Amino acid sequence: MYDNIDMVLYKDKIPGIDLMSAIPQYLTNVTNEGTSTYGNYLNGYSDSLKVSISDSRIKIYDSSICKYYLGDNFKTMGKGDTKRAIEKISNKLHLPFHYANITRIDFAQNLIMQYPESVYYPYLGEAQYYNRLEQNNGLYYNNQKRQLVYYGKVYEQKDKGQPIPELYKNRYVLRYELRFTKRLTKQFNKPEIIAGLLYDEVFYNDLVKRWESEYLAIQKINTKLSNMKPTGSKKQFIENLALYTILELGQPQVLSKVKEWQKSGDIAKKQAYDLRKAIKEMTKIPDNDKGNELINELDKKIKEAARYS
């Protein structure tokens with residue numbers, strides 16, 4: 001389930017090696033080099049991997065290790081492939097990259113869905129500690145340390161002019177990625193995270209559970225009129241209409257309007273909190289609800305992917 005992995009191998013783990021003189025000969029090509037306030041540097045590629053070298057470290061960044069090892073980044077890699085990919089990098093650059101510090105992990109899986117990917121986004125609501133942002137080809141949840149990303153993988157491949165594997169042709173492929181972008185040691189409560197840990201069974205299984213639990217923690221939003229039950233109560237009828245209106249406009253848009261009122265000083269912080277809480281409670285799918293076909297399908301796909309990864 002690994003895709004992009006950023007890693008840095010520091011000089012103190014490879015004593016006696018002059019990185020600037022020893023390593024450039026093993027690169028596929030060099031894009032630029034020079035001197036900065038931090039010393040000498042050189043940037044280039046090892047096949048599809050971006051590589052940056054300085055006197056104190058060598059860094060692989062902003063690259064799909066999956067594309068490097070498997071030939072494309074449509075697939076993702078489990079423990080075995082990841083171990084072999086690290087070994088390939090080590091052999092190619094003549095350095096022990098299993099000691100490299102990991103600074104970013106993208107953990108992902110493709111889900112073959114019944115309907116176009118964008119159909120599912122409106123039913124994925126707010127997530128605690130994240131800011132939700134819907135884009136043309138995706139749904140993003142961002143905070144200072146992580147991202148949750150949902151997007152159409154086939155659409156992305158076509159947009160980039162890249163081939164689509166036979167398995168996924170003429171399919172709706174929803175890609176869900178959990179990206180650890182900063183402070184990984186704090187997020188995983190470890191003194192350091194090195195490449196050799198990526199294929200450790202316990203660490204990998206914990207990542208799979210985290211990938212699943214981050215999805216499950218997203219509030220799932222009700223369908224529009226499917227849950228409006230007959231009522232003779234005026235109060236209940238008005239609440240049902242309010243729910244329909246929120247779902248018609250979109251829960252994120254309504255929450256954004258409340259935030260706008262708070263920022264402009266039209267309502268107090270406590271009032272904004274109460275409104276947000278009421279909106280989320282009103283649109284939440286009950287635990288025993290079986291009526292949202294799209295969310296039921298997505299739940300099933302996520303759980304199956306986690307179970308067999």
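Pro 122 is partly exposed, with a relative accessible area of 42%. The residue sits in the loop that joins β6 and β7. The model described here is predicted. Beyond its neighbours up to four places away in sequence, Pro 122 touches Arg 132 and Ile 221. Tyr 176 lies 54 residues from Pro 122 in sequence. In space, the C-alpha atoms of Pro 122 and Tyr 176 are 15 Å apart.

The overall fold was examined next. The protein chain contains ten helices and ten strands. Along the principal axes, its C-alpha atoms fill a box of roughly 80 × 50 × 35 Å. The chain has 309 residues, and 45% of them count as buried. Contacts between residues at least 6 apart in sequence were also sorted by separation. Of these contacts, 66% join residues at least 24 apart.

Two buried positions illustrate the interior. Thr 82 belongs to helix α3, which spans residues 79-93. Its relative accessible area is 0%, so Thr 82 is buried. Leaving out residues up to four places away in sequence, Thr 82 touches Tyr 2, Met 77, Leu 198 and Tyr 199. Gly 44 is placed in strand β3, residues 39-46. Gly 44 counts as buried because its relative accessibility, 4%, falls under the 20% cut-off. With residues up to four places away again excluded, the contacts of Gly 44 are Leu 27, Asn 29, Val 30, Thr 31, Leu 49, Lys 50 and Val 51. Arg 57 is 13 residues from Gly 44 in sequence. The C-alpha to C-alpha distance between Gly 44 and Arg 57 is 14 Å.

The axes of α6 (residues 201-216) and α10 (residues 293-307) come within 9 Å and cross at roughly 170 degrees. This angle is over 145 degrees, so α6 runs roughly antiparallel to α10. From α6, the contact draws on Val 208, Trp 211, Glu 212, Tyr 215 and Leu 216. From α10, it draws on Ile 295, Leu 298, Asp 299, Ile 302, Lys 303, Ala 305 and Ala 306. By class, the α6 contact with α10 holds nine nonpolar and three charged residues, and no polar ones.

In the second pair, α8 and α9 pack with their axes 9 Å apart. The angle between α8 and α9 is about 175 degrees. These two helices are therefore roughly antiparallel to each other. The α8 side of the contact is made by Gln 251, Val 254, Leu 255, Val 258, Trp 261 and Gln 262. The α9 side is made by Lys 269, Ala 272, Leu 275, Arg 276, Ile 279, Lys 280 and Thr 283. Seven nonpolar, three polar and three charged residues take part in the contact of α8 with α9.

The largest pocket has a volume of about 670 Å³. Its lining comprises 22 residues. The closest to the pocket centre are Glu 126, Tyr 130, Leu 255, Arg 276 and Lys 280. Among these, Leu 255 of α8 and both Arg 276 and Lys 280 of α9 also belong to the contact between those helices. Elements giving two or more residues to this lining are β7 (131-135), α8 (251-263) and α9 (269-283). The most comes from α8, with six residues. By class, the lining of the largest pocket has seven nonpolar, six polar and nine charged residues.

The second largest pocket holds about 430 Å³ of space. Its lining is formed by 20 residues. Asn 4, Asp 62, Ser 64, Asn 73 and Lys 160 are the closest to its centre. Two or more lining residues come from each of β1 (2-10), β6 (101-113), α4 (153-159) and β10 (172-180). The largest share, three residues, is given by β1. The lining of the second largest pocket divides into two nonpolar, six polar and twelve charged residues.

Technical notes
Residues are numbered from 1 along each chain as its sequence is written. This is a predicted model: local features need pLDDT of at least 70, side-chain atom pairs count only at pLDDT 80 or more; totals for chains, interfaces and linings use all residues. Side-chain values use heavy atoms; hydrogens and water are left out. Axes are lines fitted to C-alpha atoms, for helices over the stretch in contact, and angles run from 0 to 180 degrees between N-to-C directions. Helices (H or I, at least four residues) and strands (E, at least two) are DSSP runs, numbered from the N terminus. Angles under 35 degrees count as roughly parallel, over 145 as roughly antiparallel, 65 to 115 as roughly perpendicular and the rest as oblique. Contact means heavy atoms within 4.5 Å. Ala, Val, Leu, Ile, Met, Phe, Trp, Tyr, Cys and Pro count as nonpolar, Asp, Glu, Lys and Arg as charged, and the others, Gly among them, as polar. On a 1 Å grid over the protein atoms alone, a cavity is a set of points where a 1.4 Å probe fits but cannot get out, and a pocket is an open set with protein on both sides within 12 Å along at least five of seven lines; lining residues have an atom within 4 Å of a point. Grid points are joined across faces, edges and corners, and a volume is the space filled by probe spheres set on the points. Buried means under 20% relative accessible area, exposed over 50%, partly exposed in between (1.4 Å probe, protein chains only).
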